[in-house]
Amino acid sequence: MKKLSLRTRVLTGAVAVAALGAGTFGTMSASASTPAAAPAAVTADAADGNLQQSTHLTLAAATKAAQATLDAAKKENQRVSVAVVDRNGNTILTLRGDGAGPQAYESAVKKAYTAVSWNAPTSELAQRLANAPTLKDIPGTLFLAGGAPVTAKGAPVAAIGVAGAPSGDLDEKFARAGVAALAK
């Protein structure tokens, strides 16, 4: 096979790029001038089993719970961070209390995620590690006291995680105060 000169290779590449560009432009132009047919509407309802309803905590409720959590900690002169996550473990909001340590923010999120994942306070989950030590290897979890689930009709809808107090028991006490505020 004959080796092509640099000039021939550059010209061949330029022609190929121009042809490809013209084809793409032509396709885009044709698409732009011809409206696409609207997709057929799909109807579904809960009766046909294709949909499922779930309950989610509102931002206003999450804010109320987080503020109640910080207030409970402040009454005991504790500097904490609080996180509220939804049913899927996605963070709704986090509040870093005045003077809370830098580790508290991420720890609060992980505690909330852990509590909602198992629908149990993280103090109970930490005790389960004795029988199942590999639980701690699940990404995003933290098996230390300080997370409390928020439930509706027995199902988890959110969780509150607290970190920064000198003990997980205090963190969890404050998280429970936030959960209790939602019942008011």
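Predicted model: local features only at pLDDT ≥ 70, side-chain atom pairs only at ≥ 80, totals over all residues.
Me: Before we get going, what do "buried", "exposed" and "partly exposed" stand for here?
Reply: Buried means a relative accessible area under 20%, and exposed means over 50%. Whatever falls in between is called partly exposed.

Me: How many aromatic pairs turn up in the whole structure, and what geometry goes with that?
Reply: The search of the whole structure gives one aromatic pair. It joins Trp118 and Phe143, with ring centres 5.5 Å apart and planes at 55 degrees. Stacked needs under 30 degrees and edge-to-face needs over 60, so this pair is tilted.

Me: Which parts of the chain does the pair link?
Reply: Trp118 belongs to helix H3, residues 102-118. Phe143 lies in the loop between helix H4 (122-128) and strand S3 (147-152). The pair thus links distant parts of the chain, with the two residues 25 residues apart.

Me: Zooming out, in what order do the elements run?
Reply: The protein chain has five helices and four strands. Read from the N terminus on, the order is α-α-β-β-α-α-β-β-α.

Me: What share of the residues is buried?
Reply: The protein chain has 184 residues. Counting those under 20% relative accessible area, the buried share is 31%.

Note on methods:
Residues numbered from 1 in each chain as written. Heavy atoms only, no water. Buried < 20%, exposed > 50% of the residue type's maximum accessible area, 1.4 Å probe, protein only. Phe/Tyr/Trp six-rings, centres within 6.5 Å; stacked < 30°, edge-to-face > 60°.
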